[in-house]
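Here is a quick briefing to read with the model open beside you. Take it one topic at a time and find each spot as you go.

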Amino acid sequence: MADSVAAGLGDENDTENEDKEREKHLVGGVNKTKKHIGASDVTETLGFYERNAKSKERKSTVSDLSLVRFISAELTRGYFLEHNEAKYTERRERVYTCLRIPKELEKLMIFGFFLCLDVFLYVFTLLPLRVLLALIRLLTLPCCGLRASICPYCEKSSGSRILQPAQVCDVLKGFIMILCYFMMHYVDYAMMYHLIRGQSVIKLYIIYNMLEVADRLFSSFGQDILDALYWTATEPKERKRAHIGVIPHFFMAVLYVFLHAILIMVQATTLNVAFNSHNKSLLTIMMSNNFVEIKGSVFKKFEKNNLFQMSNSDIKERFTNYTLLLIVCLRNMEQFSWNPDHLWVLFPDVCMVIASEIAVDVVKHAFITKFNDITADVYSEYRASLAFDLVSSRQKNAYTDYSDSVSRRMGFIPLPLALLLIRVVTSSVKIQGSLSIVCVVLFYLGMITLKVLNSIVLLGKSCMYVKEANMEEKLFQNPPSATPSRASSRAHRTKHTQEPPGEPMEEGVASSVTTQPTHKIERPAPQLPTSESDQFLTTPDESEEKSLNQDESELAHRAPKKDLLEIDRFTICGNRID
């Protein structure tokens, strides 16, 4: 009985324990589910999203990553260029600038070409007449000196000068041309042609490149030699002699013109060999040399002044190449007895050389202006600067001849090239009989007519360009000041070139472009009585010392010239960076 009761109590306790354990399991399960729900509701800080959201996003991204949706997105994707309007406007302006470069560049090239033609024709037409007038003046001076009151020309002469400075320079140019012409007769053109033709193609290509470099070096130094001769011959005699004499300078100038003429003759001979080669390989190599010039100049930094120098160098190079082509055609026509059919054989090669030269210049200038952010309007400024030289040479206060001004500006020296052309023409054309002499006279009169018409048109165009550029007031200013190294030598010169205070300055371009330059009367400065005690007792004030020190520092640290009119040393170094 007792055992049965004890067993019943044990069973009840077991059932109660099982019920409690079940309740604990249920409560624990509820708590776990609440914890999971709470944990899923809280966002983690490591950049992960909810687990349920992850699973949903995975399902959505799997459904979105389809090829059709990607293609449709690429086809309908858009953007707005106006968000970067400034950049695209600048790019468009660069394109327009490149399109304007050929037109503006050719305007400058054509104007510069006719300037060089005017200077070149001056050597053949007006220079012989000016030399003749100067020699007549020199020969008739003793007779006129005895009758100075009768001869009006002697009354207009300035002081004790026998010849005016311009006449002295003309006579020197004439004598240089005559001496060099007789020296050129000792140079055998035929032997030079066959000697060059026997060389290999690569050797001729190297020779031609060396000749181009030598031509630039000769041009850069040659005008200095001629200027030194002109100034030595016309310098006032009352000054202390600081030179080696006129005769050594004259022989230096003769030697320079002769050597430069031979150099250009070798260039023309090499070009003639290229034209007469059977496979035209040498001519092709020479033309490819122009495109190498693009590589050497396009990828460099250029300022406006450097581009102006390069433009002048291109003008000079183009005119020289045209003259060389003329010489080549004359020599070939002579070899074929002036048969006009052979001229048409040469015509395609001539056109090919000219076209390559123009194409290289256009491409070179277009990319230089693009890479350096230079507008196409700068070429009109260059044209106005060249026009200013022509107009200023017609002023009363002109200090140089226009032909010398072009030589300094462009590096184009007409004497050697004119000498070579005279040598080729006289050896190619035989003058026999009176009819030939009449033809030569008519041809000379035609050249004078062409020179006069060209000068008139250029002068009118130059006045128009100067007015458009508002440069009229600069025509009546004093010549550009000297560099600091020459300030001391030029300071003494101003004593002889100061204008009298009572003379008014003329205004207007048209009134003075055709007048002759007048020699200014030398008036010595009044001398005040001084003594040695004054030199020792007078000392400069502090303010004067400060001003002197400031002037010296300004001269020492003077900035480079930026005005286009002051760029006067030779344009052959167009790639030089100041």
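Cysteine 329 is buried, because its relative accessible area is 16% and the cut-off for buried is under 20%. Keep in mind that you're looking at a predicted model.

- How many disulfides does a search of the whole structure find? The count is zero.
- Cysteine 329 is in no disulfide, and the nearest cysteine sulfur belongs to cysteine 351, 9.9 Å away. A disulfide needs the two sulfur atoms within 2.5 Å, so the 9.9 Å to cysteine 351 rules that pair out.
- Cysteine 439 is partly exposed, with a relative accessible area of 46%.

- Have a look at helix α8, which covers residues 189-197. Its buried residues include Tyr189, Met192, Tyr193 and Ile196.
- Those four sit on the same side of α8, because they cover an arc of only 100° around the axis.
- Which residues are exposed on the other side of α8? You'll find Met191, His194 and Leu195 there.

**The second largest pocket**

- The second largest pocket has a volume of about 1200 Å³.
- It is lined by 33 residues, and the closest to its centre are Phe124, Ile422, Val425, Phe443 and Met447.
- Which elements give two or more residues to this lining? They are α4 (85-124), α5 (126-146), α7 (165-184), α12, α16 (414-428) and α17 (434-468).
- The biggest giver is α17, with seven residues in the lining.
- Sort the lining by residue type and you get 28 nonpolar residues, four polar ones and one charged one.

- Most residues other than glycine have a negative phi. Two spots here go the other way.
- Serine 337 isn't a glycine, yet its phi is positive, at about 55°. You can find serine 337 in the loop between α12 (304-335) and α13 (340-371).
- Is serine 337 buried or exposed? It counts as exposed, because its relative accessibility is 62% and the cut-off for exposed is over 50%.
- Aspartate 373 isn't a glycine either, and its phi is also positive, at about 55°.
- With a relative accessible area of 55%, aspartate 373 is exposed.

**A buried arginine**

- Arginine 409 is part of helix α15, which runs over residues 402-410.
- At a relative accessible area of 5%, arginine 409 is buried.
- What joins the side chains of arginine 409 and aspartate 389? A polar contact of 2.8 Å does.

**Pairs that are apart along the chain**

- Aspartate 224 lies in helix α9 (residues 201-234), and it is partly exposed, with a relative accessible area of 30%. Along the chain, aspartate 224 and arginine 408 are 184 residues apart, and their C-alpha atoms are separated by 8.8 Å.
- Methionine 352 belongs to helix α13. It is partly exposed, with a relative accessible area of 36%.
- Methionine 352 and methionine 287 are 65 residues apart in sequence, while the distance in space is 8.7 Å, C-alpha to C-alpha.
- Tryptophan 338 sits in the loop between α12 and α13, where it counts as partly exposed at 41% relative accessibility.
- How far are the C-alpha atoms of tryptophan 338 and valine 429 separated? The distance is 10.0 Å, and the two residues are 91 residues apart along the chain.

Methods
Residues are numbered from 1 along each chain as its sequence is written. This is a predicted model: local features need pLDDT of at least 70, side-chain atom pairs count only at pLDDT 80 or more; totals for chains, interfaces and linings use all residues. Side-chain values use heavy atoms; hydrogens and water are left out. Buried means under 20% relative accessible area, exposed over 50%, partly exposed in between (1.4 Å probe, protein chains only). A polar contact is a pair of N or O atoms within 3.5 Å; within protein, one must be able to donate a hydrogen and the other to accept it, and residues adjacent in sequence count only if both atoms are side-chain atoms. On a 1 Å grid over the protein atoms alone, a cavity is a set of points where a 1.4 Å probe fits but cannot get out, and a pocket is an open set with protein on both sides within 12 Å along at least five of seven lines; lining residues have an atom within 4 Å of a point. Grid points are joined across faces, edges and corners, and a volume is the space filled by probe spheres set on the points. Ala, Val, Leu, Ile, Met, Phe, Trp, Tyr, Cys and Pro count as nonpolar, Asp, Glu, Lys and Arg as charged, and the others, Gly among them, as polar. The arc is that of the directions from the helix axis to the C-beta atoms.
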